Every structure is written in C-alpha cells, then in structure tokens.
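Please open the structure in a viewer and keep the selection panel at hand.

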Amino acid sequence: MAATLDIEQLRKILADMSQAIVDAKEELSEADRETGDGDHGSGMARGFSAARDAVLAADLKTAGDAFRAVGMAVLSTSGGASGAVFGTMFRAPLKALTGDVLDGEGYATALEVAAQQVEARGKAARGDKTMLDALIPAAEAARAVAGEDLSVVARAAADAAEEGSVATKSMIATIGKAKSLGERSLGYRDPGSISVAIMLKSIADGVDAA
C-alpha cells in the first residue's frame, strides 16, 4: 500500500480507472435506462477510453497534469452534461496539485476542489440525486483522514462514494433528465454517482497495489 504516488504510478492508476469506466459501460447504461435515456454508459465509455489513451501518452510534470489529461479528454469526447461535469471533476485539481507526487493531503484537496467546481458547473447540490451525492461525501471522508497515508485516504473516499451512491436510491431527482420522473425516480441509484463510486474504488485499489 502506497503512502504516496509518483507521477508514473499515478499515470497507471488513472489509466486503469479510465478502463474501469469503459468496462462498466453496460452497468452504467442499464442504470441510466431506469431514470434517463440510457446513454450514460456509452458517453462515459467513449470519454474515458480517450482519457485512458491521453493520460498514457501525456507529458506529465505534476500530479495535477495527470488529472487534467483525463479531464480534457473526457470534456472533448464524452459529450452532453456528463462530459461537462466529469471533465470538470478531473480538470479541477490542476492548480492545487503542483508537486510531482500525490499524498493523502493532496488527494483530499483534489476531491474537495473537484466537488466545488462540479457543484458550480452543474448548478446542483447535495441531495439532488446526482454525482455530487457520491463526490461530496468522498471529499469529506478524505479530508477527515487527510493526514494518513494515501491508501487510507483513498479507501475512505471510495467507501463514502459507494455509500453516497447507494443513498441516491431514496432521493427524488430534482435536476437533469431524471427530474421529469419525480417520485418515480425513487428506488434507483443515480448513474453519475455510480460512475464516481467506480472511479474512486479503482483509484483506491490501485493505491493499495502500488
């Protein structure tokens, strides 16, 4: 288990994370068919396939560069609202992560900045049944243990994201495509929150293996 990650370790972990989203295409599409038009999986797979290739090929000098490479690829290829918010999520930490290693404090900060910028970009808030219901708890959990090794911080964030995503089953969508369903959106997990949970679990698993 890694206390910190160097640039090359982070490159591999973000590439593997991107592949995890590609591999989850059908799961995400099925989740989106319950509350939307079913295209979340295909859009995310397209964007994160490009992100995987981009981060593997990028000239990385800082940890922020690695996240930005993912975000730019997603923003330019995913399309739709998901491309905008997930691109923002990964571009957000650029200015906060200026060193060539990633530690627990840096990862907590990255998640906090990502949550803040996604909230601003998407005009959504916690409880609206969106990806923020996984991302905000993840950032809070990471901050609570930010002084620990990166492995501890990453796992805390991943666990909180999964719990937050599951909790969206009891929420009524108030924004996005699912808004029109009203109470019919009850009982289903928000697909964007599932994506966040998959990403953060993949990162935590990668940190543990590093």
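Where is the place of Lys123? Select Lys123: its place is in the loop between helix 6 (104–122) and helix 7 (132–144). Helices here are DSSP runs (H or I, at least four residues), numbered from the N terminus. The model is a predicted one, in which local features need pLDDT of at least 70 and side-chain atom pairs count only at pLDDT 80 or more, while totals for chains, interfaces and linings use all residues. Residues are numbered from 1 along each chain as its sequence is written, and side-chain values use heavy atoms, with hydrogens and water left out.

**Stop 1**

Next, select Lys129, which lies in the loop between helix 6 and helix 7. The phi of Lys129 is near 65°, again a positive value in a residue other than glycine. Is Lys129 buried or exposed? With a relative accessible area of 4%, Lys129 is buried.

**Stop 2: the aromatic cluster**

Select Phe48, Phe67 and Phe90, which form one aromatic cluster. Rings of Phe, Tyr and Trp (its six-membered ring) pair if their centres lie within 6.5 Å; planes under 30 degrees apart count as stacked, over 60 as edge-to-face and the rest as tilted. By this rule there are 2 aromatic pairs.

Phe48 and Phe90 form an edge-to-face pair, at 5.9 Å centre to centre and 70° between the planes. Because Phe48 lies in helix 3 and Phe90 in helix 5 (residues 80–91), this pair ties together parts that are 42 residues apart in sequence. Both Phe48 and Phe90 are buried.

Now show Phe67 with Phe90: the ring centres are 6.4 Å apart and the planes stand at 20°, so the pair is stacked. Phe67 belongs to helix 4 (residues 63–77) and Phe90 to helix 5, 23 residues apart. Phe67 is buried as well as Phe90.

**Stop 3: helix 2 against helix 3**

Finally, select helix 2 (residues 25–35) and helix 3 (residues 40–57), which pack at an angle of about 145° with their axes 6 Å apart. Axes are lines fitted to C-alpha atoms, for helices over the stretch in contact, and angles run from 0 to 180 degrees between N-to-C directions.

Display the side chains at the contact (heavy atoms within 4.5 Å). Lys25, Leu28, Ser29 and Asp32 in helix 2 meet His40, Gly41, Ser42, Met44 and Ala45 in helix 3.

Conventions. Helix = DSSP H or I, 4+ residues; strand = E, 2+ residues; numbered from the N terminus. Buried < 20%, exposed > 50% of the residue type's maximum accessible area, 1.4 Å probe, protein only.
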